[in-house]
Amino acid sequence: MSESIIKHTVKTAATMLAFALVGTFMLAYVFETTRAPIEKSEADARVALFKQILPDERYYATNNEGHHENGLLLNNVIEIAPNALLGNKTSTKAHFANIDKKFAAIILEAIAHDGYGGDIKLLIAIREDGTLSGVRVLSHKETPGLGDYIDIAHSNWIKLFNQESIKYTPAEQWKVKKDGGKFDYMAGATITPRAVVNAVHKALIYYEKNKHLLHDLAEQKSAAKHHTKDDE
Amino acid sequence: MSIYKDITVNGLWKQNPGLVQLLGLCPTLAVTSTVVNGLSLGLATTLVMAASNGAISPVRKFIPSEIRVPVFILVIAALVTVIDLSINAFALQLHKVLGIFIPLIVVNCIVLARVESFAAKNEPAPAIFDGFMMGMGLTVVLGLLGAMRELIGKGTLFSGLDLIFGENAKQFVLTVIPDYHGFLLAVLPPGAFLGLGILIAIRNWLEIKNSAKNKTIALEPANTQMAPSHSH
């Protein structure tokens, strides 16, 4: 009697184990075969995004051998420690672009914590002279149809920041029009653009304060890279 | 009446997962803000249902009844992960749209319900067909609900088609009501509840009308009724 119970238990456990093993092998196989295409398509998507906010062709130029003359933007990375001005609570990656070994532009990641639906993640491209090349929303949880116009998929609002800088627009103007600033917003949703304008402004201040350090880091990194000819 | 005809009628009408069984309401309500979103998730779910029914049916006799639910969940979760990785690797644009909803198919109880109530008791061919038809029934409901919400909420149809088929598909986006300022309620979650309620009401009304007609004409005794596959 008890022997048959044990037998049944073992059989049941073995069946469960067999299914788990088959499932695990199947997943491992698919994971391995899809890893390369997934990495490639994600890298492509990032480069496409970079090209939107940093359209200058020189950053993507390749020489005869297919190597990126100024280093592939994707691989030109500086770690940025948590900083209140950027709103990042863990260290993030900033991508820099050099032209002829001189620092030319940087793409910072900033997070606005005061969006209507939570955090708004931004990608902010700043040129060497402190002007904005472009801004895009990486992710947000704003109300669909109301606050989501900050996303390029829904409207061109985010392009208002192109060519802006803290020299061109004084600090008291870095607000939405409702608060006495210069930035347009759409009726019904002011919390969202307020958060974005504020985050972009703070990122520009961060760049202004740290630019010498960032320039040095970027130029050092690219020099080191050039040495090992490892620019892919 | 052949078994396939029964399965078709059950999936699309009698036991429609979205309107009668009311299983898997979470994705039904969450993603149907546009037609494209609704149809895409519906088709992904259809694929998972056909695959999981097809995977369980051939091995149903080897699964002891004590561990059938964990085995079903294991198989469904593995299949969903495989489909998720494949879409990510080979259709990145679609993955961006459906991204977070694909893993959620695992917890959509309609998938488990069909495996438990149909695939575990039937041959592989009808089981796959049942998964497909139940999925199509859900897809139709998701598409209709998406159309209602998009039309009332934004005044368009098929917006976001370009995310799946590329920029060229933008011309197929119908602006049904020009200069529409939007009706936010339809886009937000309450609109999904109201829309689904209306669809269920319409279906019930048609059903009552239909059965009343059948009664008066009394074609033949109601021997077409299948034992309802029990729903929760």
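Student: In chain B, among contacts between residues at least 6 apart in sequence, what share joins residues at least 24 apart?

Tutor: In this predicted model, the share is 80% of such contacts in chain B. As for burial, 41% of the 232 residues of chain B count as buried.

Student: Which elements make up chain B, and in what order do they run from the N terminus?

Tutor: The secondary structure of chain B comes to 11 helices and two strands, and read from the N terminus the order is α-α-α-α-α-α-α-α-β-α-β-α-α.

Student: Now to the other chain: how many strands form the open sheet of chain A, and how are they paired?

Tutor: The general idea is that strands of a sheet pair through backbone hydrogen bonds, either parallel or antiparallel. In chain A, five strands form an open sheet in the order E1-E2-E3-E4-E5, and the pairing is antiparallel. The edges are strand E1 (77–80) and strand E5 (132–139) of chain A, each of which pairs on one side only. On average, and with direction ignored, neighbouring strands of this sheet are turned by 25° against each other. Helix H1(A) packs on the sheet, where it touches E2, E3, E4 and E5 of chain A, and the direction of H1(A) makes about 140° with that of E5(A).

Student: How many bridges join E2 to E3 in chain A, and how many join E3(A) to E4?

Tutor: Strand E2 (residues 92–99) and strand E3 (residues 102–115) of chain A run antiparallel and are joined by five bridges, and one residue pair to look for is Ile99(A) with its bridge partner Lys102(A) in E3(A). These two strands, E2(A) and E3(A), form a hairpin with two residues between them, and in the turn Asp100(A) has a positive phi of about 50°. Between E3(A) and strand E4 (residues 118–127) of chain A there are nine bridges, again with the strands running antiparallel; here Ala110(A) has Leu122(A) in E4(A) as its bridge partner, and a hairpin joins E3(A) to E4(A) through two residues.

Student: What domains does the assignment give for chain A, and how many residues does each bring to the contact between them?

Tutor: The domain assignment of chain A gives domain 1 (1–53) and domain 2 (57–228), and their centres, taken over C-alpha atoms, are separated by 37 Å. Eight residues from domain 1 of chain A and 11 residues from domain 2 of chain A take part in the contact. By class, the side of domain 1 that touches domain 2 in chain A has five nonpolar, one polar and two charged residues.

Student: How many residues of chain A are in contact with chain B, and of which classes are they?

Tutor: There are 18 residues of chain A in contact with 24 residues of chain B; by class, the side of chain A that touches chain B has 12 nonpolar, six polar and no charged residues.

Student: How do helix H1 of chain A and helix H4 of chain B lie relative to each other, roughly parallel or roughly perpendicular?

Tutor: The axes of helix H1 (residues 2–53) of chain A and helix H4 (residues 68–90) of chain B come within 8 Å and cross at roughly 10°. Angles under 35 degrees count as roughly parallel, and therefore H1(A) and H4(B) are roughly parallel to each other. Among the residues that make the contact are Met16(A), Phe19(A) and Val30(A) of H1(A), together with Leu74(B), Val82(B) and Phe90(B) of H4(B). By class, this contact of H1(A) with H4(B) has 18 nonpolar, six polar and no charged residues.

Conventions
Residues numbered from 1 in each chain as written. Chains lettered and ligands numbered in written order. Predicted model: local features only at pLDDT ≥ 70, side-chain atom pairs only at ≥ 80, totals over all residues. Contact = placed C-beta atoms within 7 Å. Nonpolar A, V, L, I, M, F, W, Y, C, P; charged D, E, K, R; others polar. Domains from an automatic or database assignment. Axes fitted to C-alpha atoms, helices over the stretch in contact; angles between N-to-C directions. Helix = DSSP H or I, 4+ residues; strand = E, 2+ residues; numbered from the N terminus. Parallel < 35°, antiparallel > 145°, perpendicular 65-115°, else oblique. Buried ≥ 20, exposed ≤ 12 C-beta atoms within 10 Å, placed from the backbone. Pairing = 2+ DSSP bridges.
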